[in-house]
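Subject: Structure handover

Hi,

Here is the structure for you to look over. My notes on what turned up in it follow below.

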Amino acid sequence: MISTAAAAKDYEVAQSPADGISDLAFSSQADYLAASSWDNQTRIYEVQPSGNAVGKAVIQHEAPALGVCWSKDGTKVVSVGADKAARMLDLGSGQTMQVAGHDAPIKCCRWIDGVANLNNILVTGSWDKTLKYWDLRNPAPVLTVPLPERCYTMDTAGPLLVCGTADRHILMYNLSNPGAVFKQIVSPLKWQTRVVSCFPSYTGFAVGSIEGRVAIHHVEEKDAGQNFSFKCHRDEKAAILYPVNDISFHPIYGTFSTAGGDGMFNFWDKDSRQRLKTGPNVGMPISSTAFSRNGSIFAYAMSYDWSKGHEQYKQGERNVIMLHAVKDDEIKSRPRRR
């Protein structure tokens with residue numbers, strides 16, 4: 001938690017990655033932040049009450065690191081990347097080891113614990129069109145699940161796992177039976193899926209696309225009347241649509257953030273269907289975001305998101321992680337104004 005005195009401004013993380021920042025994840029047990037990067041490394045920082053972040057460890061890959069997640073007890077970090085490997089750092093021993101592999105780059109990972117019969121299980125999603133479940137005591141996956149296309153994004157909450165693939169497929173799994181698709185849909189958005197993020201209540205998910213739009217979708221048909229979509233991260237005057245690069249749910253209030261290629265982040269309340277906060281324009285795309293374990297810190301990464309191709313990449317442009325001290329009045333649900 002960042003102290004009140006330090007909360008007047010957003011803090012820049014010292015020793016931010018040297019290349020594009022692909023993913024951010026906070027530990028659920030302490031104010032530790034992990035950041036994966038295209039510079040082939042995932043860095044772990046300790047966020048201090050002053051707002052300063054101190055580098056604690058690094059996971060080294062042989063190609064860009066694309067995703068990162070924490071074990072539920074906060075003692076281990078798993079990083080996945082374009083080297084087709086998942087590498088785990090044990091914070092206690094300081095040792096790193098490869099714990100999973102695919103036939104193509106691994107885009108994302110999540111840790112599952114205390115759900116049905118899945119205890120201390122890692123799940124990885126790859127461009128080889130599979131999800132794999134790993135018991136880290138064994139070198140081979142305990143389950144391999146085929147996907148219709150390459151895995152672009154994945155998230156879990158309780159017994160719910162949602163995976164978004166190329167060609168706009170969205171697959172929902174009940175982790176009590178992880179080998180079977182519970183429900184499969186085509187994305188309610190018309191363009192390529194960029195991110196899916198599960199509600200903390202397990203009842204649904206938000207999906208963001210490359211054309212400045214977010215959809216709120218519930219798993220059960222009985223809740224379909226609560227589904228809706230909305231526009232965001234757009235410059236309507238210039239007719240420019242920016243990608244929604246990340247969606248993060250607040251762990252306490254269930255409200256959420258969106259961040260986009262327009263260099264903005266916003267806080268939203270899906271239940272009252274309103275925007276709670278508009279962040280400043282930081283002048284470059286925001287590629288990834290994360291709330292801390294109690295939602296008091298919001299981390300966002302300023303980094304080129306490749307949405308305009310390699311032609312628009314600016315050599316030498318900085319990649320920066322910022323920490324925002326979250327106030328209740330900007331994230332807590334409130335009644336919609338009449």
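First, a term: a residue counts as buried under 20% relative accessible area, exposed over 50%, and partly exposed in between (1.4 Å probe, protein chains only). The model is predicted, so local features need pLDDT of at least 70 and side-chain atom pairs count only at pLDDT 80 or more, while totals for chains, interfaces and linings use all residues. Residues are numbered from 1 along each chain as its sequence is written, and side-chain values use heavy atoms, with hydrogens and water left out.

Confidence

pLDDT is the predictor's confidence in each residue, from 0 to 100. The chain has a mean pLDDT of 92. It reaches 70 or more in 97% of its residues. Residues 2-8 are another matter: pLDDT there is below 50. Beyond near neighbours in sequence, that stretch has 15 contacts in the model (heavy atoms within 4.5 Å).

Backbone

Most residues other than glycine have a negative phi. Gln15 is not a glycine, yet its phi is positive, about 60 degrees. Gln15 sits in the loop between strand 1 (11-12) and strand 2 (21-26). Strands here are DSSP runs (E, at least two residues), numbered from the N terminus. Gln15 is exposed, at 63% relative accessible area.

Asp167 also has a positive phi, about 65 degrees, and is not a glycine. Its place is the loop between strand 15 (160-165) and strand 16 (169-174). Asp167 is exposed, with a relative accessible area of 55%.

Salt bridges

Side chains of opposite charge can pair when their charged atoms come close. The rule used: a side-chain nitrogen of Lys or Arg within 4 Å of a carboxyl oxygen of Asp or Glu. The whole structure has 15 salt bridges.

Arg293 and Asp31 form one of them, at 3.4 Å from N to O. Arg293 is in the loop between strand 28 (286-291) and strand 29 (297-302), and Asp31 is in the loop between strand 2 and strand 3 (32-37), so the bridge ties together parts 262 residues apart in sequence. Arg293 is partly exposed, at 40% relative accessibility. Asp31 is buried, at 10%.

Asp155 and Arg110 make another salt bridge, 2.9 Å from N to O. This pair links distant parts of the chain: Asp155 belongs to strand 14 (residues 151-157) and Arg110 to strand 10 (residues 106-112), 45 residues apart. Asp155 is buried, with a relative accessible area of 10%. Arg110 is partly exposed, at 21%.

Then there is Glu211 with Arg234, whose closest N and O atoms are 3.2 Å apart. Glu211 lies in the loop between strand 19 (204-209) and strand 20 (213-218), and Arg234 is in strand 22 (residues 234-235), so the pair ties together parts 23 residues apart in sequence. Are Glu211 and Arg234 buried or exposed? Both are buried.

Aromatic rings

A ring pair is described by the distance of the centres and the angle of the planes. Rings of Phe, Tyr and Trp (its six-membered ring) pair if their centres lie within 6.5 Å; planes under 30 degrees apart are stacked, over 60 edge-to-face, and the rest tilted. The count is 13 aromatic pairs.

Phe265 and Tyr300 are tilted, at 5.0 Å centre to centre and 40 degrees between the planes. Phe265 is in strand 26 (residues 265-269) and Tyr300 in strand 29, so the pair ties together parts 35 residues apart in sequence. Both Phe265 and Tyr300 are buried.

Phe267 and Phe291 are a tilted pair too, at 5.8 Å and 45 degrees. Phe267 lies in strand 26 and Phe291 in strand 28, so this pair ties together parts 24 residues apart in sequence. Phe267 is buried, at 0% relative accessibility. Phe291 is buried, at 9%.

Ring pairs also link Phe199, Phe228, Phe230, Phe249, Phe256 and Trp268 into a cluster.

Charges over rings

The rule: NZ of Lys or CZ of Arg within 6 Å of the ring centre and within 35 degrees of the ring normal. Phe199 has the charged end of Lys270 over its ring, 4.4 Å from the centre. Lys9 lies over the face of Tyr11, 5.2 Å from the ring centre.

Best wishes

Key: Helix = DSSP H or I, 4+ residues; strand = E, 2+ residues; numbered from the N terminus.
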